[in-house]
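Subject: Structure handover

Hi,

Here is the structure for you to look over. My notes follow below it.

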Amino acid sequence: MSSITPIRVYPDSTWSEDGPTRGVEAVIEAGEVLQFPNLPFVLTPAERKFLDPRWADAKAKNISVRWPANELRGAAGDAADLAALQAMIGRYAEQSEALALRLFPHYRGHLRRGNSSFRTVNVAGRETSWRKDDTRLHVDAFPSNPMQGTRLLRVFCNINPNGLPRQWRVGEPFEDHAKRYLPKIGRPIYGSAALLEMLHITKRRRTESDHLMLKLHDLAKADAEFQRSSPQARVDFAPGTTWVVFSDQVLHAAMGGQYMMEQTFYLDAAHQQRPEASPRGTLERLLGRELR
Ligand SMILES: [Fe+2]
């Protein structure tokens with residue numbers, strides 16, 4: 001494996017406004033992973049019982065809270081336990097938001113809170129199709145949920161109680177990745193985006209940038225040689241570690257671990273410090289034309 005390590009380590013030990021790191025938009029927009037090894041999400045003694053897969057209902061991949069409704073999904077238990085789970089996940093959302101606004105003051109007023117989730121499933125035991133297999137390097141892109149150029153900013157925290165790290169692989173820079181596969185990607189079939197939207201296969205119109213991102217996701221995951229031999233680094237996120245990443249930009253794969261918190265934020269690329277550094281901006285530059 002190559003020695004690239006696009007990881008930047010910060011000493012912060014608090015989520016709140018008075019932590020030391022702020023104004024690091026340029027670092028995350030450059031496609032680095034921001035790692036905080038001393039920033040645990042602390043469970044109360046009563047919450048520790050939730051570190052058990054039995055709280056996830058059988059069909060769900062994770063337990064989540066949706067906003068703005070503050071609605072708990074994917075959990076099974078009695079009313080008091082569900083309320084406590086919801087409060088725990090809600091606290092993670094609040095702390096993540098405070099951290100994100102301190103790290104990225106330029107995004108204030110523009111970060112939209114997406115789902116908060118608590119993943120109880122062990123990565124190693126997950127059985128799935130190649131397209132859903134997140135142990136393969138990929139950028140995040142979803143067939144039914146076109147982002148239309150909106151960025152996916154994610155705050156993760158490993159809360160494993162038994163010392164088990166969250167093991168990731170992190171891959172090549174986005175621009176290299178786009179150059180690798182762009183020549184293999186054709187234009188969307190004329191009229192297909194309108195049809196997918198009409199049939200409610202997609203939640204909104206799949207733009208050409210969505211088409212390209214989805215193809216990058218699929219081509220990378222389907223390419224065994226790429227998975228094996230492309231430039232990449234292994235990263236272990238120990239329990240008590242928080243990390244922040246633009247997951248639509250950083251090539252990543254989850255290789256192992258259990259019990260993790262995750263908060264998604266949406267950010268219109270126009271509100272980045274450098275919108276041209278976004279995946280869509282990079283694709284436009286490489287293609288020499290504007291994408292919708
Ligand atoms: Fe992913």
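Which elements each supply at least two residues of the lining of the largest cavity? They are β6, α5 and α7 (279–287). Note that the model is predicted.

The cavity

The structure holds one cavity of 30 Å³ or more. The largest cavity has a volume of about 200 Å³. Its lining counts 21 residues, and M147, G149, T150, D210 and M213 are the closest to its centre. Helix α5 gives the largest share of the lining, with four residues.

The metal site

Three residues coordinate the iron ion: H138 through NE2, D140 through OD and H252 through NE2. The distances run from 2.1 to 2.2 Å. Along the chain, the donors follow the spacing H-x1-D-x111-H. H138 sits in the loop between β5 (112–119) and β6 (150–158), while H252 belongs to strand β10 (residues 252–256), so the pair ties together parts that are 114 residues apart in sequence. H138 has 3% relative accessibility, so H138 counts as buried. H252 is buried as well, with a relative accessible area of 8%.

The surface

L195, M198, L199 and I201 make a nonpolar surface patch of about 410 Å². One of them, I201, is found in the loop between α4 (192–198) and α5 (208–222). Is I201 buried, partly exposed or exposed? I201 counts as partly exposed, because its relative accessibility is 43% and that class runs between 20% and 50%.

Best wishes

How values were computed. Residues are numbered from 1 along each chain as its sequence is written. This is a predicted model: local features need pLDDT of at least 70, side-chain atom pairs count only at pLDDT 80 or more; totals for chains, interfaces and linings use all residues. Side-chain values use heavy atoms; hydrogens and water are left out. Patches are made of residues with over 30% relative accessible area and no salt bridge: like charges are joined within 9 Å, nonpolar side chains (Val, Leu, Ile, Met, Phe, Trp, Tyr) within 5 Å. Accessible areas come from the Shrake-Rupley method with a 1.4 Å probe; for residues, only the protein chains shown count as cover. A salt bridge is a side-chain nitrogen of Lys or Arg within 4 Å of a carboxyl oxygen of Asp or Glu. Buried means under 20% relative accessible area, exposed over 50%, partly exposed in between (1.4 Å probe, protein chains only). Donors are N, O and S atoms within 2.8 Å of the metal (3.2 Å for Na, K and Ca); water is not among the atoms, so sites may look incomplete. On a 1 Å grid over the protein atoms alone, a cavity is a set of points where a 1.4 Å probe fits but cannot get out, and a pocket is an open set with protein on both sides within 12 Å along at least five of seven lines; lining residues have an atom within 4 Å of a point. Grid points are joined across faces, edges and corners, and a volume is the space filled by probe spheres set on the points.
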